[in-house]
Amino acid sequence: MYLLILALPLLGSLITGFGGRWLGRYGAAILATTCVLLSTFLAILIFYEVGLSGTTCYISLAPWIESGTFHISWGFLFDSLTSVMLIVITVVSSLVHLYSIKYMENDPHCPRFMSYLEVFTFFMLVLVTSDNLIQMFLGWEGVGLASFLLINFWYTRLAANQSAIKALVVNRIGDFGLSLGILVIFYIFHSVEYMTIFSIVPFFTDYYLVFMGFSIHGLTLAGIFLFIGAVGKSAQLGLHTWLPDAMEGPTPVSALIHAATMVTAGVFLMVRFSPLLEYSPVTLFTLVVFGSLTAFFAAMTGVFQNDLKRVIAYSTCSQLGYMIFSCGISCYNVSMFHLTNHAFFKALLFLSAGSVIHAVSDEQDMRRMGSLIKFLPLTYSLMLVGSLALAGFPFLAGFYSKDFILELTHISLYPNLNYGAFSCWLGSMSVFFTSFYSFRLIYLTFMNNTNSNRVIVNSIHESSFLMSLPLIILGIGSIFVGYLTRDFFIGLGTNFWGSSIFILPQHSNFVEAEWLPVVTKWLPFYLSTLGILLASFINLTPSFFSFVLKFPRTLSFFSFLVNKKWYFDILYNRFLVYPSMYFGYSVSFKNLDRGFIELLGPYGLAKLMPLWSSSLSKLQTGQLTHYIFFTILGLCLLLVLVLFFYSPLFSFSSSLLGLFLILPFFV
Amino acid sequence: MLNQINCISISSLLFLISILGIFLNQKNILVMLMSLEMMFLAVSFNLIFSSIYLDDIVGQVFSLLILTVAAAESSIGLAILVVYYRIRGTITVELMSLTKG
């Protein structure tokens, strides 16, 4: 059962990938979906057995690499953390599979699409189930590869190619950090297996690496490198630019990869390495700073985006920021809880957006939609559920996780935990922005008067049952999953996590969160309601909105700046990408490879030899006297050399040497 | 006086002069041949002096041998010179530059 959950998606992927031609469109789709549904079923069983019954399962399959002390085996570790991730991955993946049967119905490459989705699921499962860093890295790179293939699915589109390459390269920067982290961990602990590392971490709290005279805290270095990996994969500030561009892929891909699973791999890594991060306050501080900055930045950028999917992508980025800084304030279980809930409502939002885009003939600009509430009531209601859950409306999924994260940041305002104020302020502000852009999206898409043309309006239709069913399931999930799973994720004194998450006792502050002042507990709700009200006010009275945007120039400049994503891409291109590409072309290619090395190597020699030989042959002028001169000169040289090297009394021959040197001149 | 220094310096001076005569001469190939003869002379003179000085006959034998070789060589050289003159009509060394590198 435990290995079957991995084997099924791989098998399905291989069969649909290589045999798609014979299976046909529906055959491939049904096979792929069946495989993932079966592994969902297995995941639920595993969740029951591992998560609820508390029986951690460890499978050591076969040795992989053995070299001295470096020992890796194919091992699979199923603890409660893994079981939660398995549920998230397989449920979202199978619903996305179901959804894309209908969504990709008219696409000529449906089996390929299904195969890619399946292989993505497989690699994601490898990532979460592995018991060592190397196997985890296999899954990590595998999901990067699968994301490249899926973003690039419509490979004839230039934009899809560009954004796929961007996603892969930007991810690779993070992967470099992660591989450095693996190396550092192996250097410190002489092992890459989780069990070994986590059990001996407490003995290495005072371990310092000495590098060029600097002594660096070993655990901090490892933690920072791992975090760089998470920055790339989870689209934190700095390497976040790939995520909004990854919306070039089909919408189910965005739902699967960029909402629910792949981007959560970074958070999963942080949670998995909680025993290591806990001993490194600097890393935790970095997590808090980057996470809260990402949450705030992405939430603010989402406000002025006009692309339906891009708004949701920035919202994903923002929520990932929440998860990361929640890890930073040592609340790993809350982070996992938010990850689970977020997977449900973000997949719901993305798939609903796909449904909307499908309905209005692949139009993604929100400004050209409007009044879809009459045409798509089901999609509207589900999207409303998703948006409310995202905004943290009481008793929906987001309320239980997101508001609890914010409450915990209030706790860390207390002096025993430092640097929480930063995340508290930024997190609270991004709550406001989150609800604002969610409801701006709702208003622009569903409520306001329509801006699309008549032909499109006439062809709007609710999507079929096969597309609605995953939406409905995810809608139910986003309503209930937070309430149902709250107690064993973050309940007081829950032992659900067992030993998979480690929190230092002095960092643990769940009890305090229960006795916060009521006002601070209500604060996120107030802020999100304010955001909803503001969005309603602006959209219900459009004249006011245009007045506000047009009147002060600074404000319009600001909105322009935010709409252009704070010029991150342009700055990166101008100051990093173009200079490095220029360096690569001009310096390393033209000057070094084709220049200097070629001059020393074949090209220069081939050029020099004829030159030398022709100048040597020019010495033979045909004049007898010259020949004689050279003969005598050569004779003199020979004599000099003989005297120089064979004379036992070298000191005496120096005068002779002088004689022979003078002789040619005399001649 | 037939002392060592004089004889060696005379012969080597003769040798040097003949070398200079070979390649400072640009005009006439006859001068070149004569310089060559002088070179043989210098070498023979040196050999004869050495044979007397060392009281050994071999040097004089060699100088006799060189005498014959030099005679044969000069006769062949002059023959080539005559043939060359017949063809080219000139014996200037400067103009003998048909074979170049």
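Trainee: What volume does the largest pocket have?
Mentor: The largest pocket has a volume of about 750 Å³. This is a predicted model, where local features need pLDDT of at least 70 and side-chain atom pairs count only at pLDDT 80 or more, while totals for chains, interfaces and linings use all residues. Residues are numbered from 1 along each chain as its sequence is written, chains are lettered from A, and side-chain values use heavy atoms, with hydrogens and water left out.
Trainee: How many residues line the largest pocket, and which lie nearest its centre?
Mentor: There are 22 lining residues, and Lys166(A), Val169(A), Val170(A), Asn573(A) and Val577(A) lie nearest the centre. Lining residues have an atom within 4 Å of a pocket grid point.
Trainee: And by class?
Mentor: The lining has 11 nonpolar, 6 polar and 5 charged residues.
Trainee: Which helices supply at least two residues each?
Mentor: Helix H5 (158-189) and H24, both of chain A. Helices here are DSSP runs (H or I) of at least four residues.
Trainee: Where does Tyr578(A) lie?
Mentor: In helix H24 of chain A, residues 568-600. Tyr578(A) counts as partly exposed because its relative accessibility is 48%; buried means under 20%, exposed over 50%, and partly exposed in between, with a 1.4 Å probe and protein chains only.
Trainee: Switching to chain B: is Leu67(B) buried or exposed?
Mentor: Leu67(B) is exposed, since its relative accessible area is 56%. Leu67(B) sits in helix H3, residues 58-88 of chain B.
Trainee: How far apart are the C-alpha atoms of Leu67(B) and Phe45(B)?
Mentor: They are separated by 11 Å, and the two residues are 22 apart along the chain.

How values were computed: On a 1 Å grid over the protein atoms alone, a cavity is a set of points where a 1.4 Å probe fits but cannot get out, and a pocket is an open set with protein on both sides within 12 Å along at least five of seven lines; lining residues have an atom within 4 Å of a point. Grid points are joined across faces, edges and corners, and a volume is the space filled by probe spheres set on the points. Ala, Val, Leu, Ile, Met, Phe, Trp, Tyr, Cys and Pro count as nonpolar, Asp, Glu, Lys and Arg as charged, and the others, Gly among them, as polar.
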